[in-house]
Amino acid sequence: MSSSVDPSIETAFVFAGGGSLGAVQVGMMDSLARRGITADMVVGSSVGALNGAFYASDPTIAGVERLANIWRGLKRDDVFPLSWWTLLGFLWRRDFLITHDGIRKLINDHIPYRNLEEAKLPLHIVTTDIITGDSVVFSKGPAAEAIVASTAIPGAFSPVHYGDYYLADGAVSSNTPVRIAVQKGARRLIILPTGHACANEAPPVGALANALHALTLLIARQLVDELENLGPGIEYYVVPPLCPLVGSPYDFSRTAEHIERARQSTDDWLAKGGLKQSKIPHELRPHGH
């Protein structure tokens, strides 16, 4: 952390989910890194698990720049590889629409460690037990399995069978895993939400786009509830998400724009003393825009 913050307090970066809106977190990270604001641990869920895992491997300005370049090059098919063959397979299998191949390739190409405990920062990946609905947190073991499970949107991707669990998207149980960070010992939380498409005047087109949009709305409301119920002694700072924000969590055509806008927005927030007062941004509250 910067010299103005007590370094003896354990600080967590908490990464929320949100599909392609994960690009917003990259702009936030860039602004924080350039001011020397760092974390002692990382907690991530859904796309936040992917961003958090990369950050935990190289929590530097150069590392964030590399992550930004990865995001700028992403296309929808890299993450959601849909084709007539996958659609026919869905009709035949009736349990999932998309394979995990795209996410696995991203992990294998860009995450430089194979086990979570090998990351430079302690890393906690949140998934959901699809049978019970409980959160299952991974802090060690195969990174790819944990991240794939945390990003496995039910219906779109099959659950990941790992040990005694069938695991799915961490967003189902704890999309912005605030309480998980506290359970792991953090006493200061810097939360990086993705936000939601608050400026859309109509629902996005397509079944998967609508499902992801609904998930981002759930994220925002869940985060407000979790923050309002934190116990005493916990500091939290929510980096304000972008609003207006047009598009869909299924749309990867705006990632460069999201990164730059989020960097500028976070610069402004920090300049106005964003890390001096715990506050829920109005952009996260219902009708906050």
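This is a predicted model: local features need pLDDT of at least 70, side-chain atom pairs count only at pLDDT 80 or more; totals for chains, interfaces and linings use all residues.
**Exercise 1.** Work out how helices H1 and H3 are oriented to each other, and which residues make their contact.

*Solution.* Start with the geometry: H1 spans residues 22–34, H3 spans residues 61–72, and they pack at an angle of about 160° with their axes 9 Å apart. Angles over 145 degrees count as roughly antiparallel, and H1 and H3 are therefore roughly antiparallel to each other. Next, the handedness: their crossing is left-handed. Now list the contact residues: H1 brings Gly22, Ala23, Val26, Met29, Asp30, Ala33 and Arg34, while H3 brings Ile61, Val64, Glu65, Leu67, Ala68 and Trp71. Sorted by class, these are nine nonpolar, one polar and three charged residues.

**Exercise 2.** Find the residues that touch the most other members of the largest nonpolar core, then trace the contacts of Trp71.

*Solution.* This core holds 59 residues, and Phe13, Tyr55, Trp71, Leu123 and Ile190 touch the most other members. Take Trp71 next: leaving out residues up to four places away in sequence, Trp71 touches Gly19, Ser20, Gly22, Ala23, Val26, Val47, Asn51, Phe252, Thr255 and Ile259.

**Exercise 3.** Decide whether Ser150 is buried or exposed, and name its neighbours.

*Solution.* First place the residue: Ser150 lies in helix H7, residues 143–150. Buried means under 20% relative accessible area; Ser150 has 0%, so Ser150 is buried. Finally, beyond four places away in sequence, Ser150 touches Gly44, Ser45, Ser46, Ala49, Ile125, Val126, Thr127, Ala168, Asp169 and Gly170.

Conventions. Residues are numbered from 1 along each chain as its sequence is written. Side-chain values use heavy atoms; hydrogens and water are left out. Axes are lines fitted to C-alpha atoms, for helices over the stretch in contact, and angles run from 0 to 180 degrees between N-to-C directions. Helices (H or I, at least four residues) and strands (E, at least two) are DSSP runs, numbered from the N terminus. Angles under 35 degrees count as roughly parallel, over 145 as roughly antiparallel, 65 to 115 as roughly perpendicular and the rest as oblique. A crossing is left-handed if the near helix is turned anticlockwise from the far one by less than a right angle, and right-handed if clockwise. Contact means heavy atoms within 4.5 Å. Ala, Val, Leu, Ile, Met, Phe, Trp, Tyr, Cys and Pro count as nonpolar, Asp, Glu, Lys and Arg as charged, and the others, Gly among them, as polar. A nonpolar core is a set of buried Ala, Val, Leu, Ile, Met, Phe, Trp, Tyr and Cys residues joined through side-chain atoms within 4.5 Å. Buried means under 20% relative accessible area, exposed over 50%, partly exposed in between (1.4 Å probe, protein chains only).
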